[in-house]
Amino acid sequence: MRIALVHDWLNQMGGAENVLEEFVRLFPSAPVYTSMYDRRRMPAAYRDWDIRTSFMQRLPGVHRHHQKYLALYPLAFARTDLSDYDLVLSNKSGFCHGVRTANSRRRAVHVCYCLTPTRYLWLFEQYREREQISSALAALLRPVLTQLRRWDYAAAQRVDHFIAISSEVQRRIRTIYHRESVIVPPPVDTDYFQPAPQAEIGDYYLVVSRLIPYKRIDLAVKAFAHLPQETLVVVGEGRDRAMLEALAPPNVHFVGRQPRHRVRELLQRCKAFIFPGLEDFGIAPVEAMATGRPVIAFAGGGALDTVLPGVTGELFPVQSVESLASVLQRFDPRAYSMEACRSQAERFSAAAFRARLLAHLSNIMEGASLQAIS
């Protein structure tokens, strides 16, 4: 079976690239089609992959300023003809689901692993606030976004099967694209994030995050002003750091970006991991549970799929300081079993991801074969 993998762009590392790496582990001989690839900014291991770029690879400054070429991504992927493959597996948060998978002679089966419907098209106000886009620029972008939404919706109708990363994304796919999907959560490195050999609870709560507006770290910082007897450690950098430090009471400590092994050590000993933002899935809470520690998260987005209230942590119902502080005030870190947290995290391991994905793809391709025979 000939398989092609499709990815939006390769110039930065994030959760999408972690998923792509698992795709390549499953299908090492499959080429990776993408809009553009900056080999200097990506892991050295990627240089062994068969990466095939579009005309956008030759555009000036595209590797560092890929957002400026927003209107060209649909054209780049629409020109990518993958109809000679048997299976096309796209890893989408942007426009890569728009590749061509049918011609006059044959048709590939297209399965889209959807991280989210294109956020800056369908959730523009959220995206505008997150990226601090000015009112003037937003006004200029709106006519372009209207046209791009039409293209994006039409491209979604040509996909044969959607896979969502969470129930939140499944809901968006249904609402925005009017398509059904199955859920296969993204992979979490539970092999690396494990409990300490000798479990010992420290004297602090923990946040690990980019310090940017939509992560809502301000809620955690302000909540600890109501809990002077408790300590919050904040790991991470971002444009909000100075503002958050100005808000912070003396019991909140900012330690900046930390190496991965130090993050694991901090997770292993925290009273609980605090996750106040609204995320499509949220890898960090699962990493915390993988080390045996409970999570306090906002009751929305991916946290609804990963955190079990009363078992592996708690959910606070409203994105407000009062709601989070109320949960913290009655929280007992010793009431949550390390084994229960670890067991829940293992449901989202890389091995579990690969097994679920392969099983679903096998069912799809068996169905396609039977349909072709009939």
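Contact, in this report, means that heavy atoms come within 4.5 Å of each other. The structure above is a predicted model, in which local features need pLDDT of at least 70 and side-chain atom pairs count only at pLDDT 80 or more, while totals for chains, interfaces and linings use all residues. Residues are numbered from 1 along each chain as its sequence is written, and side-chain values use heavy atoms, leaving out hydrogens and water.

**The sheet**

Let's start with the strands. Helices (H or I, at least four residues) and strands (E, at least two) are DSSP runs, numbered from the N terminus. Two strands pair if DSSP finds at least two bridges between them. Here, seven strands make an open sheet with parallel pairing, in the order E3-E2-E1-E4-E5-E6-E7. Strand E3 (51-53) and strand E7 (181-183) stand at the edges with a single partner strand each, so one side of each is left without a neighbour in the sheet. From one strand to the next, the twist averages 25°. Strand E1 (residues 3-7) runs parallel to strand E4 (residues 87-92), and five bridges join them. His7, for example, has Asn91 in E4 as its bridge partner.

Next comes burial: buried means under 20% relative accessible area, exposed over 50%, and partly exposed in between (1.4 Å probe, protein chains only). Nine of the 12 residues of H1 are buried, so this helix is largely enclosed by the rest of the structure. Among them are Ala16, Val19, Leu20 and Phe23.

A nonpolar core is a set of buried Ala, Val, Leu, Ile, Met, Phe, Trp, Tyr and Cys residues joined through side-chain atoms within 4.5 Å. The largest one has 66 residues, and Leu5, Phe23, Tyr113 and Leu206 have the most contacts inside it. Helix H1 (residues 15-26) gives the most to this core, with six residues. Leaving aside neighbours within four places in sequence, Phe23 touches several residues, including Leu5, Asn91, Tyr113 and Phe353. Another core lies apart from the largest one; its 27 residues include Leu211, Val252, Phe316 and Tyr336.

**A look at Ile364**

Ile364 belongs to helix H14 (residues 350-373). Is Ile364 buried or exposed? Its relative accessibility is 8%, so Ile364 counts as buried. Beyond its neighbours within four places in sequence, Ile364 is in contact with Val109, Val111 and His161.

**Salt bridges**

A salt bridge is a side-chain nitrogen of Lys or Arg within 4 Å of a carboxyl oxygen of Asp or Glu. How many does a search of the whole structure find? The search finds 23 salt bridges. Here are some of them:

| Asp81 | Arg100 | 3.6 Å |

Glu265 and Arg262, by contrast, both lie in helix H9 (residues 260-269), three residues apart, about one turn of the helix. Glu237 is partly exposed at 29% relative accessibility, whereas Arg241 is buried at 19%. Finally, a network of salt bridges links Arg119, Glu168, Arg171, Arg172 and Asp280.

Technical notes. Axes are lines fitted to C-alpha atoms, for helices over the stretch in contact, and angles run from 0 to 180 degrees between N-to-C directions.
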